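Please look through the structure below with two contact surfaces in mind, one inside a chain and one between chains. The paragraphs that follow take them in turn.

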Amino acid sequence: MEIIQHLLDGFLIALTPLNLAVVIVGVVVGLFIGAMPGLGSVNGVAILLPMTFLVPPTSAIIFLAALYYGAMYGGAISSIMLGIPGASTAVATTFDGRPMALKGEADKALVGAALASFFGGTLSILLFTGFAPPLASIALDFGDAEIFALMLLAFATFVGLSGDDIPKTIFSICIGLVFSAVGLDIMSGEPRLVFFDVIGFMHGINFLVLAIGIYGIGEMLWTIEITRGESAMSKAVFSLRGILAHLKELLGTWKVATIGSLLGFFVGILPAAGATPGSLMAYGVAKLTSKNPASFGKGEVAGVVAPEAANNAASTGAMLPMLTLGIPGSPTTAILLGGMVIWGMVPGPTLFVDETEFVWGLIASLYVANFFAVLINIFFIPVFLWMLKMPFTVLAPVIFVLSLVGGFAPTQSMHDVWLMLAFGIGGYLMRKLDYPLAPAVLAIVLGPIAEPALRQSLLISNGDFTVFVTRPIAGPITVIALILLFLPLLKLIRDKVKNKKASGSA
Amino acid sequence: MKVTRRIILGCALTLGFGAALSTFVSGTALAWEPKKPVEFVIMAGQGGGADKMARLMQTLIEKNGWASKPLTPINKPGGSGAEALVHLQGKADSDPDHTIMVTLNSFYTTPLRQPGLGIDIATFTPIARMAEDTFLLWVNKDSGIGNMEEFAAAAKAAGKDWVMAGTGKLQEDQLLTDFLNASYGLEMKYVPYKGGGKVAKQLAGNHANSTVNNPSEQEGFFKAGTVVPLAAFTPTRLPLFPDAPTFRELGKDFVYFMQRSVVGAPGMSDDAAAYYQGLFAKVFASPEWQKYRTKKSLQGDLLQGQALKDYWLNEREIHRQMLEKMGAL
């Protein structure tokens with residue numbers, strides 16, 4: 001009852017004209033920042049933080065949260081339309097979103113992404129509203145061993161259930177892991193794999209550089225090769241009837257959307273994880289639970305719905321430890337937390353008591369932001385579709401320029417741009433040789449989380465690997481991960497035995 | 001008499017006016033202003049203590065319209081600040097006047113540990129020390145430990161199984177852990193994490209036994225009563241934590257701070273340096289900055305110019321000795 005009272009008070013704050021205006025502006029700005037390749041919610045929030053001093057703190061955080069939300073919606077747009085991940089969190093959306101656009105189903109993908117985002121966002125805010133304090137304690141219970149077990153699970157969903165060639169998947173993961181190891185090793189304090197003493201490698205390889213290289217440049221090269229410049233234009237049209245028809249099909253993905261939302265939300269709560277691993281895991285699980293896993297990567301709408309539901313759910317989830325514990329769940333919330341400090345608040349376990357108005361105003365505004373984000377997003381879909389109608393000879397240079405900007409924007413160094421071009425060529429070659437690229441992206445995202453967690457756990461346990469199975473939370477997660485990892489091996493053995501029998505009887 | 005007085009007055013007025021005019025003219029002629037947006041390098045990642053502080057300074061400057069050209073923050077956390085230092089050094093020849101950096105103690109330790117970078121911090125342009133952050137020793141309340149005596153006993157009993165979580169390897173937190181191990185005869189195991197926030201979470205979740213975090217990193221959990229400060233690495237007790245004695249009071253003469261300073265590229269012109277020094281002196285004196293200092297329990301007065309350079313060289317020597325003692329050099 002108390003929660004409902006607080007929430008109603010929150011809505012009174014969120015629905016004041018100023019805050020309402022701030023939400024709408026925030027969502028629109030976020031949508032476009034998210035849609036720009038390379039720029040995501042982190043950049044948007046960091047760039048606009050100094051501007052929020054014009055309004056009171058509650059409106060300021062509502063604006064930034066709306067921007068955060070809008071960027072989560074927007075990230076899907078360039079992933080689907082151009083095949084370049086609009087934001088780090090939308091990498092998984094490219095896997096199936098781009099093939100859908102190529103098949104002429106861009107409108108379905110965009111509507112699916114918008115609705116899934118809405119679904120994931122709303123479900124997670126409901127969870128947030130009801131269970132914020134108890135969930136905060138779960139975040140604290142996750143130590144290094146638990147984090148590592150979770151990362152193992154994420155890898156397992158990709159290896160164990162991949163319909164692709166398993167050795168090639170593993171090779172792709174290894175490549176990604178090597179790249180993720182570049183830079184400072186925090187456990188030894190020494191720089192690692194700084195190739196040719198190039199100083200740019202000191203900050204490691206930003207995985208967006210890899211993702212934009214592979215999906216932007218690599219994909220462009222690939223498309224040019226297969227179409228010889230005479231690209232078949234996408235024939236997607238936007239009509240109300242079309243949307244209604246898609247709605248029916250999209251309703252069938254509610255299960256995937258629910259799983260994606262829950263997964264995204266819980267992974268988002270965990271400090272250090274954030275929305276990108278959450279959406280990748282949701283994609284893996286969607287593929288795992290699908291009746292038709294082979295269709296994934298070739299334009300399966302569930303492959304768009306799952307990561308989009310998850311990344312929006314995760315962005316709400318990431319705010320939970322930020323508000324309840326003062327620990328950011330993602331890079332974006334880390335900056336929001338900095339904003340709260342500047343506004344004169346003390347983030348931490350007492351915030352819910354000390355700043356009731358601020359906290360509940362923010363929570364209520366998330367409901368409002370979600371509502372407007374889905375409306376605005378659908379409203380803009382015809383504009384996005386118009387982009388696709390451009391012939392590929394026009395689109396290719398646009399993709400190329402946007403990729404360069406996207407590679408440069410986050411760190412503002414030319415080093416990353418050259419690296420991105422190299423990855424683009426590498427990605428194109430891997431694609432030609434039929435290597436799956438998604439696992440490499442997964443590895444470069446999860447590697448920097450998994451590796452320190454592994455070494456920290458082992459340092460604490462004096463090198464005893466049993467911590468991953470004996471601890472109450474880590475244990476079950478590790479066991480599931482191992483089963484998923486060895487599933488294909490068992491399958492392989494079973495098939496061999498069958499073949500032998502077959503050949504024996506013949 | 002009247003005439004002479006008038007003449008004198010007239011002369012005085014002309015002189016005064018002339019002097020005023022000449023200062024005005026020379027003032028506008030000499031005052032250096034940035035000609036393009038100023039690169040504001042942050043020697044740490046987004047969301048950390050240095051980053052938050054840099055963005056606060058940028059906000060204050062922008063809000064008050066103190067700079068004609070904006071500061072654009074760029075995070076360069078690579079290699080414990082090595083990337084940022086090399087970047088600044090690289091500006092020495094091209095454009096030393098439009099790059100400044102927020103720095104911390106890795107300003108001393110990183111060039112010492114990586115001599116291959118060829119960085120000599122004595123060549124960098126001192127702009128302003130904005131604060132010194134403080135360190136305290138923290139434990140989780142569940143441990144039941146209330147003072148240093150109990151801490152030493154418990155940590156000794158646990159031996160190598162006592163986990164001290166800290167930020168980075170061979171950086172501030174590990175130097176402090178090393179001091180505690182040496183002066184209390186302990187064997188605490190140091191486990192590095194990527195930032196103060198993660199370290200605080202390890203302690204609050206009982207995954208680590210103790211930390212030596214800054215107050216700002218541990219504040220939330222302290223207010224909630226989850227963690228307890230045992231002692232402070234400051235010369236006098238901190239007003240926000242009056243119950244935590246200093247190590248000096250406990251008979252260990254040890255004081256340690258984290259600098260929060262602004263530094264310019266090597267080879268910056270004197271005029272540009274004077275401009276930035278004036279700018280950050282304004283930030284320092286602003287009520288917002290002073291409030292932030294009180295809230296975050298920051299110490300250290302404004303240091304500029306040669307005084308700041310002397311401070312750096314002295315601190316570098318102290319860190320050299322500490323690292324040598326640890327066998328890290």
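Within chain B of this predicted model, the area buried between domain 1 of chain B and domain 2 of chain B comes to about 990 Å², and carbon and sulfur atoms give 54% of that area. The domain assignment behind this division places residues 38-133 + 257-325 of chain B in domain 1 and residues 136-232 in domain 2, and the centres of the two domains, taken over C-alpha atoms, are separated by 28 Å. The contact itself draws on 13 residues from domain 1 of chain B and nine residues from domain 2 of chain B.

K296(B) forms a salt bridge with E219(B), with 2.8 Å between the closest N and O atoms, and across the interface of the two domains the rule finds two residue pairs in polar contact, both residues of each pair being at pLDDT 80 or more. On the side of domain 1 of chain B that touches domain 2 of chain B, the elements giving two or more residues are α4 (106-113), β10 (258-264) and α11 (305-325) of chain B, and it is α11(B) that provides the largest share, with three residues. By residue class, that side of domain 1 of chain B divides into three nonpolar, five polar and five charged residues.

The area buried between chain B and chain A is about 3700 Å², with carbon and sulfur atoms giving 65% of it.

Between chain B and chain A the count is again one salt bridge: E190(A) forms a salt bridge with R113(B), and the closest N and O atoms of this pair are 2.7 Å apart. The rule also finds 10 residue pairs in polar contact across the interface of chain B and chain A, both residues being at pLDDT 80 or more.

Key. Residues are numbered from 1 along each chain as its sequence is written. Chains are lettered from A and ligands numbered from 1 in the order in which they are written. This is a predicted model: local features need pLDDT of at least 70, side-chain atom pairs count only at pLDDT 80 or more; totals for chains, interfaces and linings use all residues. Side-chain values use heavy atoms; hydrogens and water are left out. Domain bounds come from an automatic or database domain assignment. Contact means heavy atoms within 4.5 Å. Buried area is the accessible area (1.4 Å probe) that two parts lose on being put together, summed over both. A salt bridge is a side-chain nitrogen of Lys or Arg within 4 Å of a carboxyl oxygen of Asp or Glu. A polar contact is a pair of N or O atoms within 3.5 Å; within protein, one must be able to donate a hydrogen and the other to accept it, and residues adjacent in sequence count only if both atoms are side-chain atoms. Helices (H or I, at least four residues) and strands (E, at least two) are DSSP runs, numbered from the N terminus. Ala, Val, Leu, Ile, Met, Phe, Trp, Tyr, Cys and Pro count as nonpolar, Asp, Glu, Lys and Arg as charged, and the others, Gly among them, as polar.
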